[in-house]
Amino acid sequence: MEQNRQDFLLELLKTPSPSSMEMEIQKKWIDYVKPFADEIMTDNAGNAIGVLNKDADFKILLAGHCDEIALVINRIDEQGFLHFDKMGGINPKAAVGMKVTVLGFNETVTGVIGVNAQHHGGIKGDFDLEDLFIDCGAKSKEEMEKYVQIGDLAVYKREPEFLMDRYITGRGLDNRTGAFIVAEVLRRLSEKQINVGVYAASTVNEETNMGGAYFAAAGIEPTMAIACDVTFSTDYPSVNKNKHGDIRLEKGPVLAKGAPINIKINKLLEQAARSLNMNVQYELTTRNTGTDADRMRLTGRGVPVSLVSLPLRYMHAPVETASIKDIDEEIDLIVKMIEDLTGKESLNPLED
């Protein structure tokens, strides 16, 4: 991956972007995309959308959500400790002992998620977020309230790193990698002659309500939409592959199969993969996908959708891990598929 692209990816991963507080990362995304987009659109949900070939009748929406899971402060006790609930799918066991950045209303402060010392019995059995707390070093509620108020958010204090120059690890790869991918697809397509309109959206709120995807699709009314998200890699110890499937890093992008997915879009993606001599993997999404695709599909008169996912280890942990090769291949795949579109394709599965 070229240095400027790597720098952009790292900048996205370093920027706190909890669901409902994505403004800072969206401004950085816009700054990167603006030089090669024909137009930048925003909306009242907070989506950032780069556009190419806006006058085309056939419109494809690419959605990669930029928000990450977070902690939301729900109580400050008399000693100044912060108690919290989850903003998205927080795993309590992964939170124990972590450093956090508290995005206070008045100032950003560092804290640690306290844990009972093993000498005092440690943490026993099952526990939930309500059993944990954040220690920012305050001596009282009054002191802590100078920096933080109820409803402020916190994210894990974790910088992205590379493993063996092959993988990237950190917090919130779900799904700042998707926001990166749709931006890079747009950049690559800006250098080509294309027959369709392309709307690359860095969407908000996917981890909590998927409202950003709804706003984007309802506003654009695309001919088709592709969600670019992550999925569960199962190539590490203790995972039951019989139950969860066999998805591996460096084995290619993952296409979804199931009731929500438009078969003809998948065929276009598979054709592009064959042209590139690229491997793809498959996951099952029988009822719904759990991604932006679900909300985009049900806007307007209905939008044909597909889902292209990046294999990801350790979902919603502070050490999510993905392959740089898989990121690049997903970009190549989507660019090739869009480049090959004539704008005359029918996505009706009952039509030849």
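Is Cys228 buried or exposed? Select it: Cys228 is buried, with a relative accessible area of 1%. Buried here means under 20% relative accessible area, exposed over 50%, and partly exposed in between, with a 1.4 Å probe and protein chains only.

**Before you go on**

This is a predicted model, in which local features need pLDDT of at least 70, side-chain atom pairs count only at pLDDT 80 or more, and totals for chains, interfaces and linings use all residues. Residues are numbered from 1 along each chain as its sequence is written, and side-chain values use heavy atoms, with hydrogens and water left out.

**The whole chain**

Show the protein chain as a cartoon. It has 10 helices and 17 strands. These are DSSP runs, numbered from the N terminus: helices are H or I with at least four residues, strands are E with at least two.

Zoom out. The C-alpha atoms fill a box of roughly 70 × 45 × 40 Å along the principal axes.

The accessible area is about 16,200 Å², and 46% of it belongs to carbon and sulfur atoms. The areas come from the Shrake-Rupley method with a 1.4 Å probe; for residues, only the protein chains shown count as cover. Of the 352 residues, 55% are buried.

Now colour by charge. There are 39 positive and 54 negative side chains, and the centres of the two sets lie 3 Å apart. Lys and Arg count as positive, Asp and Glu as negative; His and the chain ends are not counted. Each charge is placed at NZ of Lys, CZ of Arg, CG of Asp or CD of Glu.

Take contacts between residues at least 6 apart in sequence: 77% of them join residues at least 24 apart. A contact means heavy atoms within 4.5 Å.

**Stop 1: the cysteines**

The structure holds zero disulfides. A disulfide is counted when two cysteine sulfur atoms lie within 2.5 Å. Select Cys66: the nearest cysteine sulfur, that of Cys228, is 14 Å away. Cys66 counts as buried, at 1% relative accessibility.

**Stop 2: Phe58**

Go to the loop between strand 2 and strand 3 (59–65), where Phe58 sits. Phe58 is buried at 6% relative accessibility. Which residues does Phe58 contact, leaving aside its neighbours within four places in sequence? They are Val196, Gly197, Thr223, Met224, Leu341, Gly343, Glu345 and Leu347.

**Stop 3: Asp43**

Next, select Asp43, in the loop between strand 1 (39–42) and strand 2 (48–52). Asp43 is partly exposed, at 23% relative accessibility. Beyond four places in sequence, Asp43 is in contact with Ile49, Phe215 and Ala216. Asp43 and Ala216 are 173 residues apart in sequence and 7.7 Å apart in space, C-alpha to C-alpha.

**Stop 4: Gly219**

Select helix 6 (residues 211–220), which holds Gly219. Gly219 is exposed at 62% relative accessibility. How far is Gly219 from Asn106 in space? Their C-alpha atoms are 35 Å apart, and the two residues are 113 apart in sequence.

**Stop 5: Lys157**

Lys157 is in the loop between strand 9 (153–156) and strand 10 (161–163). Lys157 is partly exposed, at 38% relative accessibility. Show its contacts: Lys157 touches Lys99, Val100, Thr101 and Thr110, not counting residues up to four places away in sequence. From Lys157 to Thr110 it is 8.0 Å, C-alpha to C-alpha, across 47 residues in sequence.

**Stop 6: backbone geometry**

Most residues other than glycine have a negative phi, and most peptide bonds are trans.

- Met164 lies in the loop between strand 10 and strand 11 (167–170). Its phi is positive, about 55°, although Met164 is not a glycine. Met164 is exposed, at 70% relative accessibility.
- Glu250 lies in the loop between helix 7 (241–244) and strand 14 (254–257). Its phi is near 70°, also positive. Glu250 is partly exposed, at 29% relative accessibility.
- Asn175 lies in helix 5 (residues 173–189). The peptide bond from Asp174 to Asn175 is cis, with omega near 5°.
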